[in-house]
Amino acid sequence: TDCCDGDCPCNPVESAGITLPPAKRGVAWSGTAVFTGDTPMSIATVGAPSWVEVKVWANYVTFSGVPTGTGSFSIAVTATNCDGAVAIQQGILKITE
């Protein structure tokens, strides 16, 4: 049985940290966002520039790519699970020459 469909407790999703280190144009870059709580989780991201490859895993997201320009981007990641609560993490990706 699926514990989330019955009376079993569900550990709510919580933010565990987002890492968006500074980037340089033309240099490989990567970042992460991590959540705690019971899986499965529904995770979504918004705000990543087009050159960023976003991979969603069980309880975390990886970002990677090579910046094609400069600027600042606000990236947000949301997650929810069987508890119904939503956790949001947001960070700024700054890209320089």
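Which strand does Q89 lie in? Q89 lies in strand β8. The model is predicted.

**The open sheet**

- Four strands make up an open sheet, in the order β1-β3-β6-β5. Their pairing is antiparallel.
- The edges are β1 (14-19) and β5 (53-56). Each has a single partner strand, so one side of each is left without a neighbour in the sheet.
- On average, neighbouring strands of this sheet are turned by 10° against each other, direction ignored.
- Strand β3 (residues 29-36) and strand β6 (residues 60-65) run antiparallel. Six bridges join them.
- T32 has T62 in β6 as its bridge partner.
- In general, strands of a sheet pair through backbone hydrogen bonds, either parallel or antiparallel.

- Q89 has a relative accessible area of 5%. Q89 is therefore buried, as the cut-off is under 20%.
- A polar atom of the Q89 side chain lies 2.9 Å from the backbone nitrogen of G17.
- The Q89 side chain also reaches the backbone oxygen of V34, at 2.8 Å.
- Not counting residues up to four places away in sequence, Q89 touches S15, A16, G17, I18, A33, V34, F35, I75, A76 and V77.

**N81 in a loop**

- N81 sits in the loop between β7 (71-80) and β8 (86-96).
- Its relative accessibility is 9%, so N81 counts as buried.
- A polar atom of the N81 side chain lies 2.8 Å from the backbone oxygen of D38.
- Leaving aside neighbours within four places in sequence, N81 is in contact with C10, N11, P12, V13, G37, D38, P40 and M41.

**The disulfide**

- The count comes to one disulfide.
- This disulfide joins C10 to C82, with an S to S distance of 2.1 Å.
- The link of C10 and C82 is right-handed, with 85° about the S-S bond.
- C10 lies in the segment before β1, and C82 in the loop between β7 and β8. The pair therefore ties together parts that are 72 residues apart in sequence.
- C10 has 18% relative accessibility, so C10 counts as buried. C82, at 30%, counts as partly exposed.
- C10 is also one of the residues in contact with N81.

**Aromatic pairs**

- A search of the whole structure finds two aromatic pairs.
- W29 and W51 form an edge-to-face pair. Their rings are 5.8 Å apart centre to centre, with 80° between the planes.
- This pair links distant parts of the chain. W29 is in strand β3, and W51 is in the loop between β4 (42-46) and β5. The two are 22 residues apart.
- Both W29 and W51 are buried.
- W57 and Y60 form a stacked pair. The distance is 6.0 Å centre to centre, with 15° between the planes.
- W57 is partly exposed, with a relative accessible area of 42%. Y60 is partly exposed too, with a relative accessible area of 31%.

Notes
Residues are numbered from 1 along each chain as its sequence is written. This is a predicted model: local features need pLDDT of at least 70, side-chain atom pairs count only at pLDDT 80 or more; totals for chains, interfaces and linings use all residues. Side-chain values use heavy atoms; hydrogens and water are left out. Buried means under 20% relative accessible area, exposed over 50%, partly exposed in between (1.4 Å probe, protein chains only). A polar contact is a pair of N or O atoms within 3.5 Å; within protein, one must be able to donate a hydrogen and the other to accept it, and residues adjacent in sequence count only if both atoms are side-chain atoms. Contact means heavy atoms within 4.5 Å. Two strands pair if DSSP finds at least two bridges between them. Axes are lines fitted to C-alpha atoms, for helices over the stretch in contact, and angles run from 0 to 180 degrees between N-to-C directions. A disulfide is a pair of cysteine sulfur atoms within 2.5 Å. Rings of Phe, Tyr and Trp (its six-membered ring) pair if their centres lie within 6.5 Å; planes under 30 degrees apart count as stacked, over 60 as edge-to-face and the rest as tilted.
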